[in-house]
Amino acid sequence: MASFTELVESSNHHHREKINIETVNNIEIISVSASSSSAATPAPASSSSRYENQKRRDWNTFGQYLRNHRPPLTLSRCSGAHVLEFLRYLDQFGKTKVHTPMCPFYGHPNPPAPCPCPLKQAWGSLDALVGRLRAAYEENGGKPETNPFGARAVRLYLREVRDLQSKARGVSYEKKKKRKRPPPTPPPPPQQLSTSVQLPLSSPPPSGKGALPFEL
């Protein structure tokens, strides 16, 4: 099995890869496909999950980006700054309208007319992409402490994109907090049988002389 670095550094000159963007449930899916003059590669086993297939395509896309970088980059020299370059590079394939503060539709979730504001990658797409690449990096032999996709700069960039797009598009990315169910009412304690003996009330003393041994 090829090592972690070899998987990225080795390039197949008989194949040409192409980046594909598709939108599923308003979330852009970034993938890579390969074309070749030779016979088509058989489809992966049906047992592979959709997530695993997407993660593999994302990993190949990032490897292609490193090879096409000028100067070319090896994965061992890749840092959080290079991940940010990759994420900004993907904006040219985005399909999400992000209004500028000068746009009359800034903060409008459903603008009534078109505007010249740029199209970018949606925050949800970038966040999911970074998560898959972070997992793929470690699955291919990378160490967690050197994972460029987990760098602090990448986390801050994703947070900045989320806040900017939330204001520009007039949508909220905050997760709805689940209402806490009230704790169940504890059952009443079982009644305990009293062991004390209750004496009968004494009858009032008779009135008249001799009722009391002394006078009040």
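**Entry 1: a loop residue**

I started with Gln 121, which sits in the loop between strand 4 (119-120) and helix 4 (123-139). I took helices (H or I, at least four residues) and strands (E, at least two) as DSSP runs, numbered from the N terminus. This is a predicted model, where local features need pLDDT of at least 70, side-chain atom pairs count only at pLDDT 80 or more, and totals for chains, interfaces and linings use all residues. Residues are numbered from 1 along each chain as its sequence is written, and side-chain values use heavy atoms, with hydrogens and water left out.

Is Gln 121 buried or exposed? I found Gln 121 buried, at 1% relative accessibility. For such labels I used this scale: buried is under 20% relative accessible area, exposed is over 50%, and partly exposed is in between (1.4 Å probe, protein chains only).

**Entry 2: the whole chain**

I noted 5 helices and 4 strands in the chain. Read from the N terminus, the order of elements is α-β-β-α-α-β-β-α-α. Of the 216 residues, 29% count as buried.

**Entry 3: helix 2 and what follows**

Helix 2 covers residues 50-68, which makes 19 residues. I found a span of 27 Å from its first C-alpha to its last, close to the 27 Å expected at 1.5 Å a residue; the expected span is 1.5 Å times one less than the number of residues. Its buried residues include Trp 59, Phe 62, Tyr 65 and Leu 66.

Next I went to the loop between helix 2 and helix 3 (80-89), where Pro 71 lies. Arg 70 and Pro 71 are joined by a cis peptide bond, with omega about -5°. Most peptide bonds are trans.

**Entry 4: salt bridges**

Side chains of opposite charge can pair when their charged atoms come close. I counted a salt bridge when a side-chain nitrogen of Lys or Arg is within 4 Å of a carboxyl oxygen of Asp or Glu. How many salt bridges does this rule give? The count is 4.

Glu 139 and Lys 55 form one of them, at 2.6 Å from N to O. This pair links distant parts of the chain, with Glu 139 in helix 4 and Lys 55 in helix 2, 84 residues apart. Glu 139 is exposed at 52%, whereas Lys 55 is buried at 4%.

Arg 132 and Asp 58 form another, with their closest N and O atoms 2.4 Å apart. Arg 132 lies in helix 4 and Asp 58 in helix 2, so this pair ties together parts 74 residues apart in sequence. Both partners are buried: Arg 132 at 10% and Asp 58 at 1%.

I then found Arg 162 and Asp 163 paired at 3.4 Å, N to O. Shared partners also join Glu 52, Lys 55 and Glu 139 into one network of salt bridges.

**Entry 5: a positive patch**

Which residues form the positive surface patch? I listed Arg 134, Arg 152, Arg 155 and Arg 159. Patch residues have over 30% relative accessible area and no salt bridge, with like charges joined within 9 Å and nonpolar side chains (Val, Leu, Ile, Met, Phe, Trp, Tyr) within 5 Å. Lys and Arg count as positive, and the place of an Arg charge is taken as CZ.

Helix 5 (residues 152-169) gives the most to this patch, with 3 residues. Arg 159 is found in helix 5, and I noted it as partly exposed at 46%.

Terms used. Areas by Shrake-Rupley, 256 points an atom, 1.4 Å probe, with all protein chains shown as cover.
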